[in-house]
Amino acid sequence: MKSLGLLEITGVTAAVTALDIMCKTADVEFVTWERKLGGRLVTIIVQGEVAAVRQAVEAAAANGIKEPVNYTVIARPHEEVVRLVELSASRMKPKAPAKAAPKQKSEK
């Protein structure tokens, strides 16, 4: 299992900027995000090797447009933590498009 990095920050713009910093700083992969309070509080979750995740999270915390509310790196997440993150990520997957109704022939 890869390690997880979580960074909680206020505002969607600051969160996207923090994610950009994390992905450009180290070899990490975006997993999911959680928005609370109408997007005023956002948690970004990335994964990768421990050193890369630590470097990415610390860079975003130090160089983002806002100071994060909190951040952490979990080196070997417990299976229940992994399950929680997977549940969050599954809500981001696009839903299957609705089937279009068959076209009716126009009468002439």
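Which residues in H2 are buried? In this predicted model, they are Ala52, Val53, Ala56, Val57, Ala59, Ala60 and Ala61.

## Helix H2 and its cover

Let's start with the helix itself. H2 runs over residues 50-63, so to speak a stretch of 14 residues. From first C-alpha to last, H2 reaches 20 Å, close to the 20 Å expected at 1.5 Å a residue.

As for what sits over the buried residues of H2, the cover includes strands S1 (3-10), S3 (41-48) and S4 (70-74), along with helix H1 (12-25).

## An exposed alanine

Ala62 also lies in helix H2. Buried or exposed? Ala62 counts as exposed because its relative accessibility is 60%, and the cut-off for exposed is over 50%. Go 44 residues along the chain from Ala62 and you get to Ala18; the C-alpha atoms of the two are separated by 9.6 Å.

## The nonpolar cores

The largest nonpolar core has 20 residues, and the ones touching the most other members are Leu7, Met22, Val28, Ile44, Val46 and Ala60. H2 gives the most, with seven. Another core, of five residues, lies apart from this one and has Leu4, Val31, Ile45 and Ala89 among its members.

## A look at Leu7

Leu7 is one of the core residues that touch the most other members. Set aside its neighbours within four places in sequence, and Leu7 is in contact with Ala18, Met22, Val42, Thr43, Ile44, Val57, Ala60, Ala61, Pro68, Asn70 and Tyr71. Among these partners, Val57, Ala60 and Ala61 are also on the list of buried H2 residues.

Technical notes. Residues are numbered from 1 along each chain as its sequence is written. This is a predicted model: local features need pLDDT of at least 70, side-chain atom pairs count only at pLDDT 80 or more; totals for chains, interfaces and linings use all residues. Side-chain values use heavy atoms; hydrogens and water are left out. Helices (H or I, at least four residues) and strands (E, at least two) are DSSP runs, numbered from the N terminus. The expected span of a helix is 1.5 Å times one less than its number of residues. Buried means under 20% relative accessible area, exposed over 50%, partly exposed in between (1.4 Å probe, protein chains only). Contact means heavy atoms within 4.5 Å. A nonpolar core is a set of buried Ala, Val, Leu, Ile, Met, Phe, Trp, Tyr and Cys residues joined through side-chain atoms within 4.5 Å.
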